[in-house]
Amino acid sequence: MCVRNFRLPTDTELSSIIPVLEQEKYDDFLPLELLSQGYGSRNFNILQATEWVRELMDDKCPSPTAVGK
């Protein structure tokens with residue numbers, strides 16, 4: 001499977017697998033959705049990681065024009 005055709009999770013979706021999201025003093029008072037968004041935005045950079053993986057895999061995937069031939 002080519003990476004360009006694969007949907008990677010968002011930073012918030014990725015943070016849903018983290019068992020403990022609380023990092024700051026008052027995080028215990030925040031709803032889970034807000035904790036997930038905050039954790040994901042602080043700890044993951046999905047856009048940059050996606051670009052990096054696509055650059056690595058670009059030469060391993062056939063170009064869209066070559067697939068139709």
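## Exercises on a predicted helical model

Both Tyr 26 and Phe 29 are exposed. Keep these two residues in mind; they return in Exercise 2. The structure is a predicted model, so let us begin with its confidence.

**Exercise 1. Find where confidence is lowest and where it is highest in the protein.**

Step 1: Start with the whole chain. The mean pLDDT is 81, and 77% of the residues reach 70 or more.

Step 2: Go through the helices. The protein has four helices and zero strands, in the order α-α-α-α along the sequence.

Step 3: Helix 4 (residues 64-67) has the lowest confidence, with a mean of 57, while helix 2 (residues 32-43) has the highest, at 91.

Step 4: Where pLDDT is low, predicted coordinates should not be read in detail.

**Exercise 2. Classify the aromatic pair formed by Tyr 26 and Phe 29.**

Step 1: Recall what is needed. Two quantities describe a pair of aromatic rings: the distance of the centres and the angle of the planes.

Step 2: Count the pairs. The structure holds two aromatic pairs, and Tyr 26 with Phe 29 is one of them, at 6.3 Å centre to centre with 35° between the planes.

Step 3: Apply the cut-offs. Stacked requires planes under 30 degrees apart and edge-to-face requires over 60. The pair of Tyr 26 and Phe 29, at 35°, is therefore tilted.

**Exercise 3. Decide whether Ser 36 is buried or exposed, and name its contacts beyond four places in sequence.**

Step 1: Locate the residue. Ser 36 sits in helix 2.

Step 2: Check its accessibility. Ser 36 has a relative accessible area of 8%; buried means under 20%, so Ser 36 is buried.

Step 3: List the partners. With neighbours within four places in sequence left aside, Ser 36 is in contact with Thr 12, Ser 15 and Leu 21.

**Exercise 4. Describe the setting of Thr 50 in helix 3.**

Step 1: Thr 50 belongs to helix 3, which spans residues 46-57.

Step 2: Its relative accessible area is 10%, so Thr 50 is buried.

Step 3: A polar atom of the Thr 50 side chain lies 2.7 Å from the backbone oxygen of Ile 46.

Note on methods
Residues numbered from 1 in each chain as written. Predicted model: local features only at pLDDT ≥ 70, side-chain atom pairs only at ≥ 80, totals over all residues. Heavy atoms only, no water. Phe/Tyr/Trp six-rings, centres within 6.5 Å; stacked < 30°, edge-to-face > 60°. Buried < 20%, exposed > 50% of the residue type's maximum accessible area, 1.4 Å probe, protein only. pLDDT = per-residue confidence, 0-100. Helix = DSSP H or I, 4+ residues; strand = E, 2+ residues; numbered from the N terminus. Polar contact = N/O pair within 3.5 Å; in protein donor to acceptor, adjacent residues only side chain to side chain. Contact = heavy atoms within 4.5 Å.
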